[in-house]
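Hi,

Here is the structure I said I would pass on. Have a look at it first, and then read on for what turned up.

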There are 2 protein chains.
Amino acid sequence: MTQESSYKDKKVITIGVVRELTGLTERQIRYYEERKLIFPSRTSGGSRKYSFTDIELLMEIAEKIEDGVQTFEIRQEMIREKKKEDAAALRKKMLQGQINAQFGIRKI
Amino acid sequence: MTQESSYKDKKVITIGVVRELTGLTERQIRYYEERKLIFPSRTSGGSRKYSFTDIELLMEIAEKIEDGVQTFEIRQEMIREKKKEDAAALRKKMLQGQINAQFGIRKI
DNA sequence: CGTGTAAGGAATTCTGACACG
DNA sequence: CGTGTAAGGAATTCTGACACG
């Protein structure tokens with residue numbers, strides 16, 4: 001319901017276009033995948049496909065690397081952030097459950 | 001200012017992905033370009049690149065063709081619509097000019 | 001008119017490896 | 001560790017043309 005569902009997250013962009021958009025080399029882009037920082041999907045033929053969100057993420061990654069942060073550390077950060085987000089989402093969901101139990105049922 | 005500027009109009013999708021997304025054949029997609037219904041940009045190497053907007057347009061075109069509308073007619077429609085939009089945009093702009101002339105200057 | 005297809009070539013992408021520092 | 005590069009192959013895309021209806 002709150003879904004944007006849309007364009008930004010659709011994995012449709014091939015690596016060559018990502019290269020142009022980010023200024024990174026294909027080598028770098030593939031390496032960040034190898035280090036589990038980015039997760040393109042694949043075409044039936046095996047070519048990588050990225051989303052606009054992936055591209056933004058790649059640019060953040062590139063900045064951190066320039067600042068001397070190692071891929072391992074970047075990955076740790078990402079995992080921590082994800083955990084926080086998941087916990088927040090769960091709290092929100094449970095609260096909504098409470099609300100529904102109190103008021104939702106009587107809606108007739 | 002009212003610009004979405006964003007993802008939806010960026011030409012970044014190669015024809016293979018467009019094929020998957022629209023269900024059209026590459027032949028069809030290229031033919032609609034030949035008939036001036038769609039205008040992909042190109043990579044330095046010459047490959048076509050489409051936007052999400054292009055994809056939506058392609059699906060509308062495909063529907064019309066199935067309904068027996070000819071590409072020539074579709075093109076006429078598109079041109080007429082564009083003219084209408086341009087005229088509306090111009091009226092809006094001129095009205096804004098009036099408003100600015102009346103009130104904008106005294107803003108100090 | 002709109003689409004399929006075979007043809008030949010060029011651009012794109014892929015993987016695994018060696019190199020450097 | 002992060003990146004460059006040459007290697008060989010496979011998938012992708014391109015154009016112009018012939019075919020059908």
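Before the numbers, one term: buried area is the accessible area, taken with a 1.4 Å probe, that two parts lose on being put together, summed over both. Please also keep in mind that this is a predicted model.

Let's start with where the chains meet. Chain A and chain B bury about 1300 Å² between them, and 68% of that is on carbon and sulfur atoms. On the chain A side, the residues that lose the most area to chain B are A:Tyr7, A:Val12 and A:Phe52, which together make up 49% of what that side buries. Counted by residue, the contact involves 13 residues of chain A and 13 residues of chain B.

You'll find A:Thr14 in strand 1 of chain A, residues 13-14. Is A:Thr14 buried or exposed? Its relative accessibility is 18%, and since buried means under 20%, A:Thr14 counts as buried. Leaving aside residues up to four places away in sequence, A:Thr14 touches A:Arg48 and A:Tyr50, and also B:Thr14 from the other chain. If you want a distance to check, the C-alpha atoms of A:Thr14 and A:Tyr31 are separated by 16 Å, with the two residues 17 apart along the chain.

Now over to a pair of helices in chain B. Helix 1 (residues 15-22) and helix 3 (residues 52-66) of chain B pack with their axes 10 Å apart, at an angle of about 50 degrees. The two helices of chain B are therefore oblique to each other, and helix 1 passes helix 3 in a right-handed crossing. Helix 1 of chain B brings B:Val18, B:Leu21 and B:Thr22 to the contact, while helix 3 of chain B brings B:Ile55, B:Leu58 and B:Met59. Of these residues, five are nonpolar, one is polar and none is charged.

Last, a backbone detail. A:Lys36 is not a glycine, yet it has a positive phi of about 65 degrees. A:Lys36 is in the loop between helix 2 (26-34) and strand 2 (41-42) of chain A, and is partly exposed, with a relative accessible area of 44%. In chain B, B:Lys36 also has a positive phi of about 65 degrees without being a glycine. B:Lys36 is placed in the loop between helix 2 (26-34) and strand 2 (41-42) of chain B, and is partly exposed at 44% relative accessible area.

Cheers

Methods. Residues are numbered from 1 along each chain as its sequence is written. Chains are lettered from A and ligands numbered from 1 in the order in which they are written. This is a predicted model: local features need pLDDT of at least 70, side-chain atom pairs count only at pLDDT 80 or more; totals for chains, interfaces and linings use all residues. Side-chain values use heavy atoms; hydrogens and water are left out. Axes are lines fitted to C-alpha atoms, for helices over the stretch in contact, and angles run from 0 to 180 degrees between N-to-C directions. Helices (H or I, at least four residues) and strands (E, at least two) are DSSP runs, numbered from the N terminus. Angles under 35 degrees count as roughly parallel, over 145 as roughly antiparallel, 65 to 115 as roughly perpendicular and the rest as oblique. A crossing is left-handed if the near helix is turned anticlockwise from the far one by less than a right angle, and right-handed if clockwise. Contact means heavy atoms within 4.5 Å. Ala, Val, Leu, Ile, Met, Phe, Trp, Tyr, Cys and Pro count as nonpolar, Asp, Glu, Lys and Arg as charged, and the others, Gly among them, as polar. Buried means under 20% relative accessible area, exposed over 50%, partly exposed in between (1.4 Å probe, protein chains only).
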